[in-house]
Each structure stands twice: as C-alpha cells, then as structure tokens.
Amino acid sequence: MEVIVTHKNTDFDALASVFAASLIYPDAAPVLPTSQNPNVRQFLSIHKDLFPWSRPGDTAWGRVKKLIVVDTNDWNRLEGAQVLRDSPDIEIHLWDHHLNPATIEAQWEHCMAVGAAATLFARRLEEEGTKISPIQATLFLAGIYEDTGNLSFPSTTAVDAQAAAFLLRRKADLDVINTFLRPAYGPKQKDVLFKMLQNAERTKLNGYTVSINTCSISGHTSGLAIVVEMYRDILNLDAAFGIFMNEKQGRTIIVGRSALENINIGSIMRAMGGGGHPGAGSALLKNHPQDPDRIRAQLIDRIKGTRHSGAQIGDIMSFPVLTVSPRTPMTEAAHILREKGCTGLPVVEGGKVVGIISRRDFRKFRKNTRKDPPVKAFMSTNVTFIEPGQSITKAARLMVKKDIGRLPVIEDEKLIGIITRSDAMRYYYDLLPD
Ligand SMILES: [Mn+2]
C-alpha cells in the first residue's frame, strides 16, 4: 500500500500538495490529518466529494510499503505515520520546501527552497503535461498564494510565479481563492489582538522597531499568525512577536512576523525549535512552565544576532545641513532653495528644528499679498524626525506615510543631518545589480 501524508494543522499548501501528489502517484491513497486550519476545513466541507481521502485512524499503517511525505520533513508534524519511523523496509519519497534540517530520511526527495510545496508539484505536472481541471488548478494556486502571501513574501521565487502562471492558464479561479483564503479573523482573534494592543510596547533592536508581546490564551486559538500580522501592521513595526501562553494545556506558542528580509523569522524560529519562512514563522514550546521573560530575552538575542544590512541612516544622510531661522524672509529662503537645488530646508531656532520650509509652501506664499513675510508664517511645524541608527527602509516608509520628501536626523535633540527621498532612492538602486 502507498499513502500520501502531510503535516498536522493542514493548510492550503499541504492540502494542495497531497492532491497534486495523488496525480503523480495514482496508486497512492491521500491521508489528511484530523487537524486542519479553518480555511481548509471550510474548503473541504464544500469540496468533500471532489477528492477521495481518508483519516490517519482509518489507515492500515502496518501495510504501508511506500510513504509519500509532502510539505514537511519532520516526523513530529505527521499524524499516525510516526509508527513507520523505524520501519526499515518502507520507501519514503519527500517533497518539501522547508529549510529546517529534516528528521525524515527519504530514499528519494525533491526539496527546493521555493515559496510553496505546491509549486514543486505544479511544475512537475506542467512538465509531464498532466491534464488538470480548473478546480484542481484553483486548489494548487490557493496553496501557492497562501504560503507566499500572494507571491509577496520574501521567500517567493521566480519558480513560484511561473507555477502560478501555469495554474492561471489552467483556469484557476481567483474568486474562489479569495473566498477561501479569507483570513480566519473572528471574535476570538479579535480578543487576542485587543489584549496585545493593550500592553503593546516597542523596542529598538539593530535600528529596527520590534515588539515582543506576551499574551495568555485559553483553549485552541487558530489564526494567531494573522493576529500577529495585524498587530505588526497597526503598530507599524518592522517585526512583531507574540508569546502566547496556554496555561491549561501547558504549552507556549511563539509567532513571529517580519516586514524586512533583514529580520529572518524562519531562522529565529528554527533556533527556538520551530520553523518558518523569512517573513513568518512559529515555534511550539511544550515544556511547562515557561518563563516569558526568558523567551523574550532569547528572542532579543536572536534578533540582535541576525545579520542586518549594515546601512543605517547615519551612513547615507547628508551633513552639514543647510538651515534657515524662523525669521528668515521667504524671498531669501526661496533664493537658497534655488541656489542649492534642494526642495526643502529645516527651520532651526536655538539648535532645535522647529519646522520645515519646502517648495510646496512657496505656492501659498506666491498667492500672498504681504511683502516679504518670514519663513515662520509658511513653514510646516509638524516635523517628523529619524534617528541615525534607524534603517533606511524605516525612513523610506516614514516619507511615504507622511508624504514628505525629507527627514531631519536627530541625535540628542540636535540636528546632525538630513535624509531625502533621493538619498533613499539612490541607496535602493545601488543595491540592485546592474
Ligand atoms: Mn508549505
């Protein structure tokens, strides 16, 4: 007997991989774990009869001669199949995209660092010219989109995009995908997010804004990754971590999300005994009781240890900075801007930045009939600053968010430089290979 298995808490990538594998191994029986993520459960409740599959409890493991493992390389993530762990005469085929060291030793494997395991299958089906239906294409694409965040996570590769293109040609239905990949955000998730926001705090690590939040949960709470992602988004963090303590079940789940490639969640979580991708990952700690402060300290160590791009604001800012005083006449400020070819100037009084006067402000001035008012009358006083140790990505994000072209760089309340949109642009384009 041949069976196809995948990881517990089955997501779309795992589900897609199981059914794609059943096309490649037509004699193998798909077995799905009893725990599935809510989106997959909903999908299966509607598509129940589309694919034949069985449960681990109904599988005669003793008769299995060949095991096809997809979307995981870890015995502990399988349900039921562990009984085969030490069976010498089982042939194992492994299809996976996880980078953590495998505990499953396979006789044959197809493992590649791509965004989704479904990508590996889609590519093989395309190569073999296998006919696939629009429904199959839809499911496989849902797997790729889920694991790559619609091809946007840093783990996404060109191979994933090519596989997506193939599935779209095979008429994958984006409406269906959008319906089923709806984030599992409900009242329970809302409660957790609310609790996290109530004791939210931020830390600066390697110039990045990070938050590590400890939160107690009860019962089974799914969708924690979505909650942490929303938390990260609301607080505008570079990376967010949730330490979720489940007292009753005696276990702790750590979930991390990062918006920057420089903070690699996957490698941090692997060091904590879990796994994941650069943008998202988690670890489950079963030893109890866990000390959240110790976990927090470990996370901080890992984050500090991750190699960051090196470039900080201090490396690319311009200095000394040309400034004007609040009493400088507008005509003079206009002259300086023209002369120096810049688009804005910090307005400084007593060593402190009290405003910014930019080209935009001169439009109002031209319409003004008063003779030559001071800069003070037209400058914007709501100034956003940045610190020299912060990342360039952070500066770029601030400029977009506030719709401003420059940020004064402040250290100990003193103006030490300025970074402009073009500085940030130059930095990014220099990073791109020719
Ligand atoms: Mn996967």
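Start with the cartoon view: the chain shows 15 helices and 15 strands, where helices (H or I, at least four residues) and strands (E, at least two) are DSSP runs numbered from the N terminus. What you see is a predicted model, in which local features need pLDDT of at least 70, side-chain atom pairs count only at pLDDT 80 or more, and totals for chains, interfaces and linings use all residues. Residues are numbered from 1 along each chain as its sequence is written.

Zoom out next. Along the principal axes, the C-alpha atoms fill a box of roughly 95 × 50 × 40 Å.

Now colour by domain, with bounds that come from an automatic or database domain assignment: select 2-180 for domain 1, 187-305 for domain 2 and 314-431 for domain 3. The centres of domain 1 and domain 2, taken over C-alpha atoms, are 27 Å apart. Nine residues from domain 1 and 10 residues from domain 2 make up their contact; two residues are in contact if their C-beta atoms, placed from the backbone, lie within 7 Å.

Finally, select G274. You will find G274 in the loop between α9 (265-271) and β10 (275-276). Is G274 buried or exposed? G274 is buried because 20 other C-beta atoms lie within 10 Å, and the cut-offs are 20 or more for buried, 12 or fewer for exposed and in between for partly exposed, with C-beta atoms placed from the backbone. Show its partners too: leaving out residues up to four places away in sequence, G274 touches I254, M269, G281, S282, A283 and L284. One of them, I254, is 20 residues from G274 in sequence and 8.7 Å away in space, C-alpha to C-alpha.
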